[in-house]
Amino acid sequence: MDEKRPDPTAPVSRPVLPQPVVAPPESVYDELIALNNELSNVTRELHRSKAELERLNRELEQRVADRTAELRRTVERLEREIEERARTEAALRDSRERLAAQAVALEDKNVALRELLSQLAREKERIVADLSANVDRLLLPLLGRLRERAGAGEGGYLEVLEDNVRLLMTPFARRLDRALRALTPRELEIANLLRSGLSTKEVAALTNLSEETVTTHRRAIRRKLGLTGEDQNLTTFLRTLSDAPDDPAG
């Protein structure tokens with residue numbers, strides 16, 4: 001076997017020698033250090049910004065939570081107020097409806113009351129007319145015959161009795177009672193006798209009182225009637241009361 005010979009035309013391979021490490025220039029090294037420092041500063045600033053951003057985010061979340069809670073409380077308060085207003089309006093409507101119904105019922109009662117008062121007035125007129133007729137037909141003629149048969153003293157008393165019977169048909173006692181409720185029953189009795197024209201002595205005899213007591217009652221009646229002047233006659237004033245027209249409301 002033939003030995004292979006090298007080709008004289010082939011390039012000769014040489015061993016690769018290691019390249020020497022060339023140190024960067026001093027200015028480039030300084031720039032790298034400065035760039036590293038700046039990068040560190042930026043990193044620290046980023047950390048601080050991130051922490052501040054997280055703090056602001058927490059603060060914002062807390063504010064949102066507080067505002068949300070406040071709005072929720074406001075909404076709940078408004079809902080309660082709306083419900084209360086609705087209940088109040090419903091109660092007001094019910095009250096108005098009840099008042100309207102009561103007004104209708106009251107008007108009906110007023111109509112019935114007016115009718116009842118009208119009936120009572122007619123019944124009162126009928127009773128007064130019947131009483132007046134009975135007094136005129138029965139009682140007064142009897143008193144007249146008794147006065148004719150009686151003596152002088154008894155005739156005076158019967159005349160007073162007849163005058164009082166006629167007085168029953170007048171509003172004197174009722175009007176005097178309304179105007180002067182301060183009069184005692186005894187003073188009202190004496191005022192009635194004085195109105196009939198009896199003197200103090202006659203009133204004393206008829207009421208079994210002393211003349212001094214009757215005089216005391218006369219002074220009290222005058223004081224309560226407001227008759228302070230001596231020129232004002234008590235009997236005349238009492239007769240004006242009995243002669244005055246009756247009050248329709250009485």
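1. In this predicted model, helices α5 and α6 are roughly perpendicular to each other, because their axes cross at roughly 110°, and an angle from 65 to 115 degrees is counted in that class. The axes of α5 and α6, the latter spanning residues 211-225, come within 9 Å, and α5 passes α6 in a right-handed crossing.

2. The residues that make this contact can be followed on both sides: α5 contributes Thr 200, Lys 201, Val 203, Ala 204 and Thr 207, while α6 contributes Glu 211, Val 214, Thr 215 and Arg 218. Sorted by class, the contact of α5 with α6 holds three nonpolar, three polar and three charged residues.

3. Helix α5, which covers residues 200-207, also packs against helix α4, residues 185-195, at an angle of about 130° and with the two axes 10 Å apart. The crossing in which α4 passes α5 is right-handed.

4. On the α4 side of this second pairing the residues are Arg 186, Glu 189, Ile 190, Leu 193 and Leu 194, and they meet Val 203, Leu 206 and Thr 207 in α5. By class, the contact of α4 with α5 has five nonpolar, one polar and two charged residues. Val 203 and Thr 207 of α5 are listed in the contact with α4 and also in the contact with α6.

5. Which residues does Thr 235 touch, if those up to four places away in sequence are not counted? They are Leu 194 and Arg 195, and Leu 194 is also one of the α4 residues that meet α5. Thr 235 itself lies in helix α7, residues 234-243, and is classed as buried because its relative accessible area is 17%, which is under the 20% cut-off.

6. For the chain as a whole, the secondary structure comes to seven helices and zero strands, so that a reading along the sequence gives the pattern α-α-α-α-α-α-α. Buried residues make up 17% of the 250 residues in the chain, and the chain exposes about 20,100 Å², of which carbon and sulfur atoms supply 57%. Among the contacts with a separation of 6 or more, 54% are accounted for by residues 24 or more positions apart.

Note on methods: Residues are numbered from 1 along each chain as its sequence is written. This is a predicted model: local features need pLDDT of at least 70, side-chain atom pairs count only at pLDDT 80 or more; totals for chains, interfaces and linings use all residues. Side-chain values use heavy atoms; hydrogens and water are left out. Helices (H or I, at least four residues) and strands (E, at least two) are DSSP runs, numbered from the N terminus. Buried means under 20% relative accessible area, exposed over 50%, partly exposed in between (1.4 Å probe, protein chains only). Contact means heavy atoms within 4.5 Å. Accessible areas come from the Shrake-Rupley method with a 1.4 Å probe; for residues, only the protein chains shown count as cover. Axes are lines fitted to C-alpha atoms, for helices over the stretch in contact, and angles run from 0 to 180 degrees between N-to-C directions. A crossing is left-handed if the near helix is turned anticlockwise from the far one by less than a right angle, and right-handed if clockwise. Ala, Val, Leu, Ile, Met, Phe, Trp, Tyr, Cys and Pro count as nonpolar, Asp, Glu, Lys and Arg as charged, and the others, Gly among them, as polar. Angles under 35 degrees count as roughly parallel, over 145 as roughly antiparallel, 65 to 115 as roughly perpendicular and the rest as oblique.
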